[in-house]
Amino acid sequence: MKLKHSILGLLLLFTLIPLGIFGIFSIYETNRKIDELTEQNVRAISENQVMNIKNFTQDRNNEMDIIANYQLTQDAILYSLGEKESPLARNYVDNLLKERKKYSIFVASISVVNRNFHVVSSSEEYEPGTVSAMKDVDPKYQTGEFMIGDVYERITDDGRKNVVPAYTGVYYNNELIGYVMEELDTAYFDDLRLNMDTLADGTFYLLDGNGAIITAGDTKNKRSLKTFVSKSSDRNDFQKKWDAIDHEKNPSGYVRYRYHRQDYITYYSDVENTCWGIRVTENLSAQKQTGRTYGMLITLGLSALIIGVCCTQYFMTKKIFAPITHILQVFAQIRESEDYSLRVHIQEKHETGELAAGINELLDYVEQADRKEKERQQKLLQMAENDPLTGIKNKKAIEKEMLSMVQRAVESHEQITFGFVDIDDFRDYNTNYGHQEGDAVIQFVAQTLKENIHGAVGRIGGDEFAFCYAGELEPERIRHNADKILEILRTQHVNEQTGEVLPVPCSIGIVMSQGDTLDYTQLIRKADLAMYQAKENGKNTFVLNVD
C-alpha cells in the first residue's frame, strides 16, 4: 500500500508541475481577456437598452402629441372648462382613444384630463368630470412637458397589470388647458429584456424613480423579478461604491465590486424623460470560469494528469470507486424518492460485494419497517378524521376542510357553497324501531350525501351533517340536486327487519357566496339559519340563500 501511494505521488508531482506553470500563465491571460470582453459586452448592452427605451419614450411622446394636437381633443377640454360649445366632441375623443389603444398592445389605457384634473375622455369606462389621480402626483409631471412616471399596479379593463404612466400637455393658444395620459404595460419592457441576445448570464434591471422594479432578470426569466437578487445587507461593497458616485455629474458609468467572494460589474444609466435608471450586472468570476481559453487549459491539464496516473488508478476506479459510486447513487435515489425498494446491484466476490449484500439486507429491514409505519399512520389518520359510524369526515375534519376551503376561495375569488342537513324527527326512529334502525338511518343519509354531493361531506354530531363545495355552480343546479337528495331520502331507505320503505325526511339549509366577500363564521351562521328556516317551512325541504 505504501509503494502504491509513493508511485501515485510521483506521477502527480511530475504531471502537476508543468500543468501548474502553464496554467498560471493561461489563467492570468484568460482573466484579463474575459474582463475586457465582459466590460465591453455589458457596456454595449446598457447603451443599447438606453437607446431602445429612449426611442420608445420618443415614440410615445410623438403619439401623445398627435392626440394632444387634435382639434377634437382641444374642443372636448374647452367644453369641459365651459369655454366652448361642443358637447359631441367628448364622444368622438372616447372612440378615438379606444381605437388608439386597440392598436397599441402595450398601452393599458389612454385618458384626457383638463387643467383642473377632471377626466374629459378615456379609453376605459368613466364618469364624466371624475377627478383624475393625476391631481395628486408630483408637480413635476404637471408642467405639460412629456414625462414618464413610476410603476404601480392597477386593475384595468384587460385585468390586473403593472403599468407606468406617461404625461404630456395639451395647449390651446399657447395656454396649458389639459393633459394626455397613457398607462404603459410593463410587459413591453419584459419583452425588451427577453430579446437581449447579448445579455448571456447577466442581470438587467429597469428601475423607476423610487427604486421599484419595472422589469428585472435575464433572458431566461420570463417573469420579471419582483425584488433584487441579493439582499441589501449583502451588497455592502456595491452600496459603498454606489453612494460615492456623484450621479448628477455622472448619470451613466459602471461600478466594480465583490459579492460573496465573486467579482461583479454593474453598468448604470439614467433614461431621458423619466426618473428611471438602467442597471446591467455581470458576474466576472463566472465568465472567467466559462471562458474558452480557460476550458482549453483544463482540458490540457486533465490530459496530462490522466496520462500519468491512468494505469495506477484503473484498478482502484473499477474495483473500488465505481462500486462505491453506485452505492452512493442508490442512497441518493432513496433519499430523493423515499423508495426503499431500490437495491444495490454489485456482483463482485470481494469486499465490495459483501458490503452490497449487507446494505441490501439493511434496506430489506428498512423497507418493511417503513411500510408498517405508513400503514399505521394511514390508520391513525383515518381514525382521526373519519366518523366511525358513517365513514365520512367527522366534525373536526369537516370543519377544518370548510375553513381551508374558505381561505382558498378568498385567495382565488371562487364561489363557495355551504350546507347543513338535519334529519327531521330523528328520535322517532329510535323510539319506534330501536337504536339499531336509528344508526342505519344515519348511515343511509351519510351515504346519500356522499354519493350526490360534489364536495366534502361530514357528520357534525347526532343526526346533523355538513357539506361544502368550492367552484362555480348555478343556483338552479343546487336546487335540482337538493330536490334529488330529498327524493332519494324519502323513497329509498328500507328497514332490514320489516322490509318496509321508511321515508327519511330532512331539512337542508344552503348558502352560496363569492370568494371576495367570504367570512367563515358568517357562512356557518347563514347555513344554519337556512336549515332552521327549512324546518319552519314544514320540514322535508331545503332553503337556498345566494349572496
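Is Tyr70 buried, exposed or partly exposed? At 30% relative accessibility, Tyr70 counts as partly exposed (buried is under 20% relative accessible area, exposed over 50%, partly exposed in between; 1.4 Å probe, protein chains only). The model is predicted: local features need pLDDT of at least 70, side-chain atom pairs count only at pLDDT 80 or more, and totals for chains, interfaces and linings use all residues. Residues are numbered from 1 along each chain as its sequence is written, and side-chain values use heavy atoms, with hydrogens and water left out.

Tyr70 is found in the loop between helix H1 (2-69) and helix H2 (71-80). Helices (H or I, at least four residues) and strands (E, at least two) are DSSP runs, numbered from the N terminus.

Aromatic pairs were then counted. Rings of Phe, Tyr and Trp (its six-membered ring) pair if their centres lie within 6.5 Å; planes under 30 degrees apart count as stacked, over 60 as edge-to-face and the rest as tilted. The count comes to 16 aromatic pairs. Phe106 and Tyr188 form a tilted pair, 5.1 Å centre to centre with 50 degrees between the planes. Phe106 lies in the loop between helix H3 (89-102) and strand S1 (107-114) and Tyr188 in helix H4 (residues 187-194), so the pair ties together parts 82 residues apart in sequence. Tyr188 is partly exposed, at 23% relative accessibility.

The rings of Phe426 and Tyr429 are also tilted, with centres 6.2 Å apart and planes at 40 degrees. Both Phe426 and Tyr429 are buried.

Ring pairs also link Phe238, Trp242, Tyr257, Tyr259, Tyr264 and Tyr268 into a cluster. Arg279 lies over the face of Trp242, 4.3 Å from the ring centre (a charge sits over a ring if NZ of Lys or CZ of Arg is within 6 Å of the ring centre and within 35 degrees of the ring normal).
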